[in-house]
Amino acid sequence: MGRPPKIRPTPIRIGRLSSEGLARRLKKKRKEVDLSTHDLAYASGITAAAISKIENGNGKATAIGTVERIARALRVSPQWLAYGHDLTDDEPEGDTATAP
């Protein structure tokens with residue numbers, strides 16, 4: 001009897017994400033606010049080439065810090081840009097708070 005085969009765990013990337021939805025939301029929002037990739041690059045501090053890669057799905061994975069910088073420049077939440085919803089989406093709509 002020989003040794004059992006080595007099982008290598010699949011690496012988990014923490015702090016990075018890859019998503020077709022991210023690419024779609026980024027491109028749609030950038031066009032909605034009438035920014036070129038160069039304008040967004042200037043506003044976010046991310047290169048135009050990197051933004052194009054994200055929009056076209058050519059990037060392997062996008063760092064969360066990159067998503068945060070782009071989201072700030074687009075004036076959207078990083079959660080919405082990355083996942084398509086905000087953390088507050090689970091809250092009921094309407095004003096349920098009472099005035100003091």
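## Salt bridges

E55 and R30 form a salt bridge, with their closest N and O atoms 2.5 Å apart (a salt bridge is a side-chain nitrogen of Lys or Arg within 4 Å of a carboxyl oxygen of Asp or Glu). Because E55 lies in helix α3 (residues 48–55) and R30 in helix α1, the pair ties together parts that are 25 residues apart in sequence. Helices are DSSP runs of H or I with at least four residues, numbered from the N terminus. Both E55 and R30 are buried (buried means under 20% relative accessible area, exposed over 50%, with a 1.4 Å probe and protein chains only).

The structure holds two salt bridges. K29 pairs with E32, and here the closest N and O atoms are 3.1 Å apart. K29 and E32 both belong to helix α1 and sit three residues apart, about one turn of the helix. K29 counts as buried at 16% relative accessibility, whereas E32 is exposed, with a relative accessible area of 53%.

## Basis of the model

This is a predicted model, in which local features need pLDDT of at least 70 and side-chain atom pairs count only at pLDDT 80 or more, while totals for chains, interfaces and linings use all residues. Residues are numbered from 1 along each chain as its sequence is written, and side-chain values use heavy atoms, with hydrogens and water left out.

## Positive phi in two loops

D34 has a phi near 60°, a positive value in a residue other than glycine. D34 is placed in the loop between α1 (20–32) and α2 (37–44). With a relative accessible area of 66%, D34 is exposed.

R75 is not a glycine either, yet its phi is positive at about 60°. The loop that holds R75 runs between α4 (64–74) and α5 (78–83). R75 counts as exposed, at 79% relative accessibility.

## Cavity

The structure holds one cavity of 30 Å³ or more. A cavity is a set of points, on a 1 Å grid over the protein atoms alone, where a 1.4 Å probe fits but cannot get out; lining residues have an atom within 4 Å of a point. Grid points are joined across faces, edges and corners, and the volume is the space filled by probe spheres set on the points. The largest cavity contains about 30 Å³ of space.

L22, L26, I54, T62, V67, I70 and L81 line the largest cavity. Helices α1 and α4 each supply at least two residues of this lining. By class, the lining has six nonpolar residues, one polar and no charged (Ala, Val, Leu, Ile, Met, Phe, Trp, Tyr, Cys and Pro count as nonpolar, Asp, Glu, Lys and Arg as charged, and the others, Gly among them, as polar).

Note on methods
On a 1 Å grid over the protein atoms alone, a cavity is a set of points where a 1.4 Å probe fits but cannot get out, and a pocket is an open set with protein on both sides within 12 Å along at least five of seven lines; lining residues have an atom within 4 Å of a point.
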